[in-house]
Amino acid sequence: MVHRSDGSGTTFIFTDYLSKVSPEWKAKVGKNTSVSWPAGVGAKGNEGVAGMIRQMDGSIGYVELIYALQNKISFGSVRNPAGEFVKASLESTSAAASSVKTMPADFRVSITNAPGKDAYPISSFTWLLVPAKSKDPQKGKILHDFLGWMLDQGESMVSQLNYAPLPENVATKVRATVNQVQ
């Protein structure tokens, strides 16, 4: 097993999934951006993990979907809670994202091991951390306008970039939050 040696959101998502499907993993290793791996070899970043996998015959590891697609890295299917073996794709990631019926005010929600026969179980949202009120009103307006553009025009481009679009209920909540940014 090749794992990230540096702390990463990708590691958090993978270990969050493992913690949900394995009580032993949850108790002994847990979930975090960096964990004490019980076995395997560490490599820095997606590039390092992919490079080590290519060098070690029969090895497995984890990288984010966009990296695998851009670099033509083959990947397998993962069994979801419905018992279906699902391959990562924009559609299966969207299916996982659509499982969120109520988004918390702080947007902290995990969609790993989401219900649904089409949901890829190792999925996540990508977050931005932005100040609600900028110290410089001009910069606050620029940030507000950019975030609005991301939701209104940029969202139509995400599939071309191998990202899944936000479900409408999530986009609506994000839009309301963006409207508070100054």
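P81 lies in the loop between strand 3 (77–79) and strand 4 (85–87), where strands (E, at least two residues) and helices (H or I, at least four) are DSSP runs numbered from the N terminus. The model is a predicted one, in which local features need pLDDT of at least 70 and side-chain atom pairs count only at pLDDT 80 or more, whereas totals for chains, interfaces and linings use all residues. Residues are numbered from 1 along each chain as its sequence is written, and side-chain values use heavy atoms, with hydrogens and water left out.

P81 counts as partly exposed because its relative accessibility is 45%, the classes being buried under 20% relative accessible area, exposed over 50% and partly exposed in between (1.4 Å probe, protein chains only). Leaving aside neighbours within four places in sequence, P81 is in contact (heavy atoms within 4.5 Å) with N113 and A114. P81 and V21 are 60 residues apart in sequence and 8.9 Å apart in space, C-alpha to C-alpha.

T15, in helix 1 (residues 9–21), has 0% relative accessibility and therefore counts as buried. Beyond four places in sequence, the contacts of T15 are W25, G30, K31, N32, V35 and W37; for N32, the backbone nitrogen is reached by the T15 side chain at 3.2 Å.

Notes:
Polar contact = N/O pair within 3.5 Å; in protein donor to acceptor, adjacent residues only side chain to side chain.
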